[in-house]
Amino acid sequence: MATRAKKRRSAKPKRLTKKDLNAMYRNMLRIRRFEEKTDEFFMAGRVKGAVHVSIGQEACSVGVCTALNDEDAILTTHRGHGHSIAKGTRMPEMMAELLGKSTGLCKARGGSMHIADISKGHYGAHSIVGANMPMATGMGLAYQLEGSGRVAVVFFGDGASNQGSFHESMNLCAIWKLPVIFFCENNHYAVSYHVERSTSVKDISVRAQGYNAPGVTVDGMDVVAVYEATAEAVRRAREGGGPSLIEAKTYRFFGHSRGDPQFGPYRTKEEVDEWRKRDPLTIAADMLKLTEAQKKAHLKAVDKELNGAIDFAEGSPEATLESALEDVYA
Amino acid sequence: MREITFVEALTEAHHEEMERDERVIVMGEDVELAYVFGVTKGLAEKFGRDRVRDTPISELGIVGAGVGAAMAGYRPIVEIMFMDFIMLAMDPLINQAAKLRYMLGGQLSVPLVVRTPGGGGVQYGPTHSQCLEAWFMQIPGIKVAAPSDPADAKGLMCSAIRDDNPVLVVEHKMLYKMKGPVPEGEHVTPFGQAAVKREGGDITLIGVGYQVHNCLAAADELGKEGISAEVVDPRTLAPLDTGTLAESVRKTNRCIIVEEGHLRSGVGSEISAAVQEEAFDYLDAPIGRVAALDAPIPFEPRLEDFVLPNTANVVDAAKKALGVTV
């Protein structure tokens, strides 16, 4: 019989060791290099459709996912490559999906905006802005009913915080005390629309108050700050304390999508340059006091993995036309 | 055979399936007290308020949560108090539930049931009286059931709950109090199998949901004039059993489709196209369609009756197809 989540033993968020932080730096670099390669492939016409790279926002992906177990779930957005990699999504099959191959995670039917790897607790990129929040609510309900102590994390942007789905989901999670973490990456723009124009509050985290849930704003360029806020929210969720809202102030260094130039008419080069001074990889490298040689070693290892993923994808067969009609129904 | 009402049949389906599978959960507005139409009666007391829970008025949120719970391995049944309110939850149903399995490469399925009362005849006006089945039967990845009697209500609901796909079950409000025979014990009606509700040789009347009863009443009227009408109920609109429908038309050579959705781009449009594709050479008259007129469903009883299809409309359409002077 289904029961409410049993109270878990209180586990203090583990303190990050230098080894942990080194792994987090490595993961952020994996995302950075994957995105750079994706952008290159897109510009060369090899990745079709729409691509929204997350360069600049790596600390959010890695800070959150470092605080999760394999069994915990994430649901992400159209800008989801970083979250996917941070959650452990298989990179070769992910690259194969972007290149439209039969070995892709979604069998070439989902593409960049719908990457998922259920085996790794990645319950999908959901490209309708805000659509993933009610789903995360339902997953949290399931985890509460099964008493498993698992949590669901839903990533969304500043723009999505104005969707009704955000507000309905926050309320549902709060009244039912569901183990769901709402992680808002406030990168300041909903395509071209600045958050100060789109949103009634300066800090989106204050919206949690309306739902009697904790809300915090953190520096989204600082992977440790993101980790610590998430670990605290995860602890609370596992103990039956219900949802949390975390807002991470961050920035996308590239345009909204590759149809959008880096600066666009809505933001200046100066603004982008200012944010680039707070590159999350640089901040983490400085914390670790990485030498140039150490950085090179990281890069070499990451590129080896990336090239292996590209080789796998390139060597994979095209999706068959017949496969376009499969899996419509179970 | 014992007779129970349409509502009782649905309630029984819930009780049996929730006993059978503890992953079945129910959520919706006022479902704990079964306060509006009574389908969820007794469930909260029996299965507890974890598995049967009231929700706030958040149709988008609760259908979306149903999708999420289904993704995580549960088998949620979400009640939407009136079919019209489903419009608030189209994104989770159409953009998510219907596509997730396909879009994520078959990595998961979404065994979600959304059940909802549709239809008019109760003077609730334009936003509480619609039959919107046609919207959903167009979308790959979702199934649509529209039972017309208590036996099918139970059988199709049990099928819906056991199905690994998202299923919309449309329950016409005028059917809730209708009594009919329902077999004792397990009774599961497979999807995609139309039922011949009355045999006849001169014309086929295809009825959807409550309109099956207008077809049966019309068949009675026509019988008085020596016309033998066959009444066929598709029971599920997606999948649609075009084979049985066309087989009947090949026998009778004439066909009228009766639904309560609007005429334009309705369920009847699709069935008409399918039937003529499979039975064109057998048709002795154009396929006729009887549906709600192309206006919102008005409140005032006389106006509502005028816009909704009735037995006389079906009789007239049948006679026209038969070349009988009306």
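Is F156(A) buried or exposed? The points below take up this residue and then other parts of the model.

1. The structure under review is a predicted model. In this model F156(A) has a relative accessibility of 2%. A residue under 20% counts as buried, and F156(A) is therefore buried.

2. F156(A) has an aromatic partner, F166(A). The centres of the two rings lie 5.5 Å apart, and the angle between their planes is 45°, a geometry classed as tilted.

3. Over all chains, a search of the whole structure gives 12 aromatic pairs. In chain B, one aromatic cluster is formed by F6(B), F37(B), F82(B), F85(B), Y124(B) and Y176(B).

4. Two packed helices are described by the angle between their axes and the distance between the axes. In chain A, the axes of helix α1 (residues 18–43) and helix α4 (residues 91–98) come within 12 Å and cross at roughly 20°. Angles under 35 degrees count as roughly parallel, and α1(A) and α4(A) are therefore roughly parallel to each other. The crossing of α1(A) past α4(A) is right-handed. On the α1(A) side the contact involves R30(A), F34(A), K37(A), T38(A) and F41(A), and on the α4(A) side M91(A), M94(A), M95(A) and L98(A). Sorted by class, this contact comprises six nonpolar residues, one polar residue and two charged residues.

5. Which residues of α4(B) are buried? Helix α4 (residues 90–97) of chain B is mostly covered, with seven of its eight residues buried. The buried residues are M90(B), D91(B), P92(B), L93(B), I94(B), Q96(B) and A97(B). They pack against elements of both chains: α5 (132–146) of chain A, and α3 (59–71), α5 (100–103), β5 (113–118) and α6 (133–137) of chain B.

Note on methods. Residues numbered from 1 in each chain as written. Chains lettered and ligands numbered in written order. Predicted model: local features only at pLDDT ≥ 70, side-chain atom pairs only at ≥ 80, totals over all residues. Heavy atoms only, no water. Axes fitted to C-alpha atoms, helices over the stretch in contact; angles between N-to-C directions. Helix = DSSP H or I, 4+ residues; strand = E, 2+ residues; numbered from the N terminus. Parallel < 35°, antiparallel > 145°, perpendicular 65-115°, else oblique. Left-handed = near helix turned anticlockwise from the far one by under 90°. Contact = heavy atoms within 4.5 Å. Nonpolar A, V, L, I, M, F, W, Y, C, P; charged D, E, K, R; others polar. Phe/Tyr/Trp six-rings, centres within 6.5 Å; stacked < 30°, edge-to-face > 60°. Buried < 20%, exposed > 50% of the residue type's maximum accessible area, 1.4 Å probe, protein only.
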